[in-house]
Amino acid sequence: MNTEEWKKPNFELLHVFTRTAAHGFHHRICAKRGYHSASEQCICTLCGHSCSQYHILTCQARTATLMFYAKEGNF
């Protein structure tokens, strides 16, 4: 969200930008299932390391795009 482009009408990736900012897709990669706030006990299912709220942005084991994690049908 470093530019204003995401605010333009019909921006195709708006859902990816806003969902990443809101929750970081933590629930998609955390081993702890169900709704919860990220904590020190959370473990990433991709890399096995501690999983903070925005871990998906820096996880070295992530191979899928953020668009993949934004789609409900993938989980």
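This is a predicted model: local features need pLDDT of at least 70, side-chain atom pairs count only at pLDDT 80 or more; totals for chains, interfaces and linings use all residues.

Residues are numbered from 1 along each chain as its sequence is written, and side-chain values use heavy atoms, with hydrogens and water left out.

**Stop one: His27.** Select His27 and you land in helix α2, residues 26-29. (Helices are DSSP runs of H or I with at least four residues, numbered from the N terminus.) His27 is partly exposed because its relative accessibility is 35%; that label sits between buried, under 20% relative accessible area, and exposed, over 50%, using a 1.4 Å probe and protein chains only.

**Stop two: Arg28.** This residue is in helix α2 as well. Is Arg28 buried or exposed? Arg28 is buried, at 9% relative accessible area. Leaving out residues up to four places away in sequence, Arg28 touches Arg33, Tyr69, Ala70, Lys71, Glu72 and Phe75. (Contact means heavy atoms within 4.5 Å.)

**Stop three: the cysteines.** How many disulfides are there, counting pairs of cysteine sulfur atoms within 2.5 Å? The count is 0. Select Cys51, which is in no disulfide: the nearest cysteine sulfur belongs to Cys30, 5.0 Å away. Cys51 is buried, with 0% relative accessible area. Last, pick Cys59: its sulfur is 3.8 Å from the closest cysteine sulfur, in Cys47, so that is too far for a bond. Cys59 is buried too, at 8%.

Note on methods:
Helices (H or I, at least four residues) and strands (E, at least two) are DSSP runs, numbered from the N terminus. A disulfide is a pair of cysteine sulfur atoms within 2.5 Å.
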